[in-house]
Amino acid sequence: MAGDLSARDIERANFAFSIYDFEGTGTVDAIYLGDILRGLNLNPTQATVEKMGGTKKKNEKKLKVEEFLPIFGQVKKEKDVGCYEDFLECLKLYDKAEDGKMLLAELTHTLLSLGERLSDREVDTIVKDCAEPEDEDGFIPYAQFLKNVMS
């Protein structure tokens with residue numbers, strides 16, 4: 001699969017890989033596989049990362065760059081990721097007044113319970129960093145929230 005990568009992709013992948021080679025041994029801990037892929041502007045789910053060899057605990061597995069490049073190539077081809085417009089359409093389902101706003105409580109519930117579930121702490125951080133203050137009725141503009149999350 002590394003054959004499908006351009007010279008520029010390989011250069012970028014080698015650079016990202018080297019950042020996580022903390023010991024300078026030419027290997028990275030597989031716990032960082034998702035971080036490296038996300039650093040290369042990919043958006044793999046946790047399930048995809050685990051399927052590709054990522055681990056949940058440190059020192060379970062080490063990856064060499066030669067093993068990483070095919071993983072990068074495969075994840076790069078993956079088309080099952082959402083974009084801004086996809087997520088916006090999902091949030092519009094909660095916009096009952098069709099005014100570009102949704103209840104913050106519904107947003108937090110959605111983040112906690114659907115898809116790749118987030119923890120309470122993760123949701124609190126995302127809301128604090130990305131959401132506008134809620135109005136007196138508990139609504140936030142969801143398009144701006146989504147733009148902040150995606151940037």
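Biologist: What are the ground rules for numbering and confidence?

Modeller: Residues are numbered from 1 along each chain as its sequence is written, and side-chain values use heavy atoms, with hydrogens and water left out. In this predicted model, local features need pLDDT of at least 70 and side-chain atom pairs count only at pLDDT 80 or more, while totals for chains, interfaces and linings use all residues.

Biologist: What makes domain 1 and domain 2 the divisions of this chain?

Modeller: Domain bounds come from an automatic or database domain assignment. That assignment gives domain 1 as 7–77 and domain 2 as 84–150. Their C-alpha centres lie 30 Å apart.

Biologist: Where does UniProt place the feature "domain: EF-hand"?

Modeller: The unreviewed UniProt entry places it at residues 8–43. UniProt positions follow the numbering used here, feature names are shortened, and annotations may be inferred rather than shown by experiment. In the model, this span is 53% helix and 8% strand, and its end C-alpha atoms lie 19 Å apart. Helices (H or I, at least four residues) and strands (E, at least two) are DSSP runs, numbered from the N terminus.

Biologist: Why is Leu33 called buried?

Modeller: Buried means under 20% relative accessible area, exposed over 50%, and partly exposed in between, with a 1.4 Å probe and protein chains only. Leu33 has a relative accessible area of 0%, and is therefore buried. This residue is found in helix H2. Contact means heavy atoms within 4.5 Å; leaving aside residues up to four places away in sequence, Leu33 touches Val49, Met52, Gly53, Gly54, Leu63, Phe68 and Ile71.

Biologist: Which residues of the largest nonpolar core touch the most other members?

Modeller: A nonpolar core is a set of buried Ala, Val, Leu, Ile, Met, Phe, Trp, Tyr and Cys residues joined through side-chain atoms within 4.5 Å. The largest has 20 residues, of which Leu33, Ile36, Leu37, Leu40, Phe68 and Phe72 touch the most other members. Helix H1 (7–19), helix H2 (33–39) and helix H4 (65–77) are the elements giving two or more residues to this core. The largest share, 6 residues, comes from H4. Phe72 touches Leu5, Asp9, Arg12, Ala13, Leu37, Leu40 and Leu42, not counting residues up to four places away in sequence. A second, separate core of 15 residues includes Leu88, Leu107, Val123 and Cys130.

Biologist: How do you know that the buried residues of H7 line one face of the helix?

Modeller: The buried residues of helix H7 (residues 120–130) are Val123, Val127 and Cys130. Seen down the axis of H7, they fall within an arc of 95°, so they line one face. The arc is that of the directions from the helix axis to the C-beta atoms. On the other side of H7, Arg121, Asp124, Lys128 and Asp129 are exposed. The buried residues of H7 pack against helix H6 (104–113) and helix H8 (142–150).

Biologist: Why are the buried residues of H6 said to line one face?

Modeller: Leu104, Leu107, Thr110 and Leu111 are buried in H6. Viewed down the axis of H6, these buried residues fall within an arc of 125°, so they line one face of the helix. The face turned away from that buried side carries the exposed residues Ala105 and His109. The cover over the buried residues of H6 includes H5, S3, H7, strand S4 (139–141) and H8.

Biologist: What makes Asn59 and Glu98 exposed?

Modeller: Asn59 has a relative accessible area of 60% and is therefore exposed. Glu98, with 73%, is therefore exposed. Asn59 lies in the loop between helix H3 (46–51) and strand S2 (62–64), and Glu98 in the loop between helix H5 (84–92) and strand S3 (101–103). Asn59 has a positive phi of about 65° although it is not a glycine. Glu98, also a residue other than glycine, has a positive phi near 55°.

Biologist: Why is Lys147 called partly exposed?

Modeller: Lys147 has 45% relative accessibility, so it counts as partly exposed. Lys147 lies in helix H8. Lys147 and Tyr84 are 63 residues apart in sequence and 7.6 Å apart in space, C-alpha to C-alpha.
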